[in-house]
Amino acid sequence: MLHLHHLPNQRPDEKLISVLRRHWFALLTIAGAFFLLTVIPLFLGIYFWDVFSVWSRQPFLGPILVVTISIYFLSIWLFAFLEFTDYYLDMWVITSERVINIEQEGLFKRTTSELDLASVQDATAETRGFLQTTFSYGNVFVQTAGEKSRFHFKNIPHPERVQEIVMRLVQEDKQRVTKQPATQKPTV
Amino acid sequence: MDFSLSALNIPVFVVLIVYAIYILFYVLYSLFNLFHLMKYGVEGVQLFLIVIVFTGGTILLVAGSIFWLLSFDWTVAIPLNQILRAYNNDILPISEF
């Protein structure tokens, strides 16, 4: 279990700044799909109740029907839960020293990577399209020096604010490093 | 002894075997998912609530299904020719019109 007050490989004086998950709109998509997949069959069942009640009283068709309905609703419930788990376990942790990206892809793939703030060169916030603009969510790309790959915060709320926080932390980290007394090089 | 396909009987409890296999798959997958949540989720009330809601929903669905399934006679064996004759007035009362 992840303890936010005790992060893995926590450094001395490292402070937790922010924990980010995808915007609640992602959750709304799961809830919407779950709602439609639940309500439409229920509505059809009520609408065709006369036929359905006759079918469900048949000695062979009745059990098949009930088992099929049960399997259908259990599958929808499990599917919604799996999607929610995927949403819930995807997160980005910003601390005063680093950025941690934890990504869950399905049940069998999990990637955890971290980026030292000292190696961050640039951070870009991106809000694209009608939905992202309306609901204030988008992407933040964190570019590191000398690396082609970028750290990608996907569909997070208020990307501009996050970008500002990252850049502020990078500046603070640089200032902290320059204030520290330079270590003496060994003389040859 | 003559073999006739239509004279074969299918016991209704075969449906229960299929259901039991599905429930086994469901339980295994759910437990694996819960294990993931407990192992990698953030410690707190939120995680506890998620686990409770999922488990509660599952119990409700399975209990409702079992309650409904109990109303059937599972000892009945249906001859294959009766099953094949699906289009009759009992099953599709609309055909009366």
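Predicted model: local features only at pLDDT ≥ 70, side-chain atom pairs only at ≥ 80, totals over all residues.

**Exercise 1.** Work out how many helices and strands chain A has, and in what pattern they follow along the sequence.

*Solution.* Start by counting: chain A contains five helices and seven strands. Next, read along the sequence, where the pattern is β-α-α-α-β-β-β-β-α-β-β-α.

**Exercise 2.** Find where UniProt places the feature "transmembrane region" in chain A, and describe the chain there.

*Solution.* First, look at the record: the unreviewed UniProt entry puts this feature at residues 24–48 and 60–82 of chain A. Then check each span in the model. Residues 24–48 of chain A are 96% helix and 0% strand, with 36 Å between the end C-alpha atoms. For residues 60–82 of chain A, the figures are 96% helix and 0% strand, and the end C-alpha atoms are 33 Å apart.

**Exercise 3.** Describe the open sheet of four strands in chain A, and name the helix that packs on the sheet.

*Solution.* Begin with the order, which is E1-E2-E3-E4 in chain A, with antiparallel pairing. The edges come next: strand E1 (16–20) and strand E4 (109–116) of chain A each pair on one side only. From one strand to the next, the twist averages 10°. Finally, zoom in on E3 (residues 98–105) and E4 of chain A, which are joined by eight bridges. Within E4(A), A:Arg110 is the bridge partner of A:Gln104.

Technical notes: Residues numbered from 1 in each chain as written. Chains lettered and ligands numbered in written order. UniProt positions renumbered as here; feature names shortened; annotations may be inferred. Helix = DSSP H or I, 4+ residues; strand = E, 2+ residues; numbered from the N terminus. Pairing = 2+ DSSP bridges. Axes fitted to C-alpha atoms, helices over the stretch in contact; angles between N-to-C directions. Contact = placed C-beta atoms within 7 Å.
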